[in-house]
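This report examines selected elements of a predicted model. The sequence and structure are shown below.

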Amino acid sequence: MQADSNERTGTTEPVCADRIGFAKLTTMAFHGIDLRPLRDELMAKVIDGTAGAGEGLDLSLIAQLLGDKQTGLSIQAEVVGFHQLFRSPCAMKQPKLRVLALAAAIDMGGNTPIEFLLEESGIELLTLYVIPRIGLPLPLPDHDVAIVIASDSRECRDALRMIDEMSSRWPRPLLNPPRMVCNLDRDKLHGLLRGVEGLEIPATIYASRAQLAGIAQSEVALAEIAAELRFPIIARPHGSHAGVGLAKLDDPAAIDRYLAERPEQEFFLSRFVDYAAEDGLFRKYRIVFVAGRPYACHMAIAARWDIWYLNAGMSDNAAKRLEEETFMRTFEFGFARRHATALAGMAERIGLDYFTVDCAENRQGELLIFEADNTAVVHNMDSPEIFPYKAPQMRKIFEAFAAMLCSRAVSGREHAA
């Protein structure tokens with residue numbers, strides 16, 4: 001049921017399905033625990049008709065963690081078709097706050113992994129899947145503050161639109177408004193951030209498969225797609241994440257080889273920026289913004305440009321870890337001060353309450369932006385023996401996030417009074 005345009009949306013005590021949760025299951029997989037016995041146990045409950053909605057959603061995630069994305073999505077679609085509200089484990093029996101996370105039915109990387117941020121906070125997390133053919137429940141589940149965790153992906157657009165239509169009548173503070181989330185799309189972000197002092201962000205241009213094929217056959221010049229494009233270029237399939245399909249193409253022949261390996265029909269292109277330091281290594285940073293303030297999340301160092309944390313070999317190299325530790329410990333008076341103008345300008349223009357940025361430093365010392373996102377994984381799963389400096393930094397982020405939620409909830413109550 002959807003609200004009439006003049007109706008004020010209220011709240012009601014929620015009927016939730018409890019689940020093991022994203023954080024616990026992902027941590028188990030991260031540490032190499034075999035999830036197949038748990039999968040089989042849940043499947044047996046599904047077969048004999050005793051599985052609850054929460055167990056069904058857990059089964060969906062387990063299938064995805066085991067590499068069977070399509071089965072996981074099929075299970076998820078069936079589950080959220082009859083139940084949309086789920087409760088995650090909470091560290092306190094009497095939670096100090098109740099947060100409603102507004103999610104879309106998408107793969108496990110398509111919503112903010114908010115459980116990691118709240119695991120030890122004593123804040124109760126309810127996740128409401130916004131399903132277009134079902135609509136938002138009225139009245140809404142009772143909560144103190146809400147946050148949109150759906151991403152800017154195409155699969156989330158209808159859910160974001162529905163939330164946006166009700167946002168002006170939302171009964172509690174609503175964080176990460178859907179209209180601002182949509183600005184994170186790769187081909188919009190460079191326009192949003194263009195001109196921020198001390199910041200470089202290459203234009204990201206949409207190209208169809210036919211356009212790329214035309215370049216490969218010398219029938220279309222790069223400049224016909226966008227004047228700022230020139231070889232070498234970076235290509236990635238539209239909607240891809242975590243480096244899937246990411247490639248540096250040095251000439252038209254490279255495009256031909258790339259398309260021979262990729263089935264997608266839509267792509268994003270941008271110019272390649274060589275951000276290697278004087279030692280020949282590439283350094284990529286993840287920064288977390290909470291209420292406009294930046295925090296160090298991680299630093300990856302590798303000899304390859306297409307770097308992310310899991311391919312950088314950080315756990316095997318003490319020198320790299322020492323550099324990351326120094327980056328974290330000196331962040332406020334080092335990196336954050338050096339790039340204060342760019343970071344502040346970016347936070348203001350993006351305008352979200354919570355988001356992350358993957359970035360580097362170019363050879364002119366400017367902040368080089370790769371992407372901004374509201375769904376990047378910010379976690380405390382790394383080994384405390386190998387990364388003893390990480391847990392305190394992650395707790396700093398988690399505490400800032402919880403404090404922001406509490407502050408906004410208090411402001412909302414004062415405004416309502």
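## Helix H3 and its surroundings

Gly67, with a positive phi near 95 degrees, follows H3; helices (H or I, at least four residues) and strands (E, at least two) are DSSP runs numbered from the N terminus.

Strand E16 (residues 354-361) is largely enclosed by the rest of the structure, because 7 of its 8 residues are buried. E16 runs antiparallel to strand E14 (residues 282-290), joined by 6 bridges, and Ile287 stands opposite Val357. E16 and E17 are also antiparallel, with 6 bridges, and form a hairpin with 5 residues between them. Gly365 in the turn has a positive phi of about 85 degrees.

## Asp373

Asp373 lies in E17 (residues 367-373) and is the bridge partner of Thr356. Asp373 is buried without a salt bridge (a side-chain nitrogen of Lys or Arg within 4 Å of a carboxyl oxygen of Asp or Glu); Arg286, the nearest side chain of opposite charge, is 6.5 Å away.

## Basis of the values

Residues are numbered from 1 along each chain as its sequence is written, and side-chain values use heavy atoms, leaving out hydrogens and water. In this predicted model, local features need pLDDT of at least 70 and side-chain atom pairs count only at pLDDT 80 or more, while totals for chains, interfaces and linings use all residues.

How values were computed. Buried means under 20% relative accessible area, exposed over 50%, partly exposed in between (1.4 Å probe, protein chains only). Lys and Arg count as positive and Asp and Glu as negative; His and the chain ends are not counted. Two strands pair if DSSP finds at least two bridges between them.
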